[in-house]
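Here is a short tour of one protein chain. Keep the sequence and the 3D view open as you read.

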Amino acid sequence: VVVALDSDFLASGPTSLRYTAEFMAGRRVLSAATDAGRASMNRLYVIETALTCTGAKADHRLALPPSQIEAFTRALAGQLGIVGSGGGEGSHRTWIEAVCRDLEQHRGRSVILAGERQPPAVHALAHAMNHRLGNMNRTVLSTEPLQSRPVNSANSLNELAQAMDQGQV
């Protein structure tokens with residue numbers, strides 16, 4: 001079960017190609033003879049502010065204005081028992097209850113993703129929900145930053161300009 005909180009993970013970011021391949025592999029329903037009885041596929045819930053490639057693939061899609069994503073996330077976290085989330089059930093109670101039931105039934109086999117445009121509170125709540133659902137180190141993995149040697153870009157640009165002035169570049 002994948003819940004995307006305004007996250008277009010299938011079409012944006014440095015890992016989108018990998019995520020798309022893995023997600024689509026989970027959409028294939030295989031016969032019992034080939035995969036020990038796996039007769040269901042992954043499900044995708046998307047809560048987003050505008051239609052995205054990820055939203056177009058969703059089994060369940062909820063369009064919300066940008067101002068309501070955090071409130072929805074707080075309500076979802078509250079329903080999952082995250083203390084201090086400050087969320088009530090809100091106006092999408094039935095939707096939230098269905099998502100929570102599915103997540104609870106797939107503990108350790110689900111993931112909640114927060115989009116890059118979302119505020120820190122949404123990211124923190126997504127992390128807390130993933131932790132609460134037992135997804136950490138199973139479906140949610142911590143990795144090193146993509147930038148192997150972070151540099152101060154202003155200094156780096158100055159060094160390049162000096163090297164150009166001296167004919168080294």
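Where is the place of V169? V169 sits in the segment after α7. Helices (H or I, at least four residues) and strands (E, at least two) are DSSP runs, numbered from the N terminus. V169 is exposed, at 66% relative accessibility. Buried means under 20% relative accessible area, exposed over 50%, and partly exposed in between (1.4 Å probe, protein chains only).

This is a predicted model, where local features need pLDDT of at least 70, side-chain atom pairs count only at pLDDT 80 or more, and totals for chains, interfaces and linings use all residues. Residues are numbered from 1 along each chain as its sequence is written, and side-chain values use heavy atoms, with hydrogens and water left out.

**The chain as a whole**

The protein chain has seven helices and four strands. From the N terminus on, they run β-α-α-β-α-β-α-α-β-α-α. The chain has 169 residues, and 34% of them count as buried. Its accessible surface is about 10300 Å² (Shrake-Rupley method, 1.4 Å probe; for residues, only the protein chains shown count as cover). Carbon and sulfur atoms hold 53% of that surface.

Now take contacts, meaning heavy atoms within 4.5 Å. Among contacts in the chain with a separation of 6 or more, 55% join residues 24 or more positions apart.

**The sheet**

The four strands form an open sheet in the order β3-β2-β1-β4, with parallel pairing. Two strands pair if DSSP finds at least two bridges between them. Strands of a sheet pair through backbone hydrogen bonds, either parallel or antiparallel. Why is one side of β3 and of β4 left without a neighbour in the sheet? β3 (60–63) and β4 (111–114) stand at the edges, so each has a single partner strand. On average, neighbouring strands are turned by 10° against each other, direction ignored. Axes are lines fitted to C-alpha atoms, for helices over the stretch in contact, and angles run from 0 to 180 degrees between N-to-C directions.

Strand β1 (residues 2–5) pairs with β4 in the parallel sense, over four bridges. In this pair, V3 stands opposite I112 of β4. Helix α6 (residues 120–132) packs on the sheet and touches β1 and β4. The direction of α6 makes about 170° with that of β4.

D6 is buried at 8% relative accessibility. Phi of D6 is near 55°, a positive value in a residue other than glycine. Most residues other than glycine have a negative phi. N137, in the loop between α6 and α7, has a positive phi too, of about 65°. N137 is exposed, with a relative accessible area of 63%.

F9 is buried, at 9% relative accessibility. Leaving aside neighbours within four places in sequence, F9 is in contact with several residues, including V2, Y19, L44 and L113. F9 and A114 are 105 residues apart in sequence, yet 9.3 Å apart in space, C-alpha to C-alpha. S16, in helix α1, is another contact of F9. S16 is buried, with a relative accessible area of 13%.

**Salt bridges**

A salt bridge is a side-chain nitrogen of Lys or Arg within 4 Å of a carboxyl oxygen of Asp or Glu. There are nine by this rule.

E22 and R18 are four residues apart in helix α1, so about one helical turn separates them. E22 is partly exposed at 44%, while R18 is exposed at 55%.

The pair of D59 and R27 links distant parts of the chain, 32 residues apart. D59 is partly exposed at 30%, and R27 is buried at 17%.

R43 lies in the loop between α2 and β2 (44–48) and D102 in helix α5 (residues 93–105), so this pair ties together parts 59 residues apart in sequence. D102 is buried, at 7% relative accessible area. R43 is partly exposed, at 24%.

E104, R107 and R132 are linked in a network of salt bridges.
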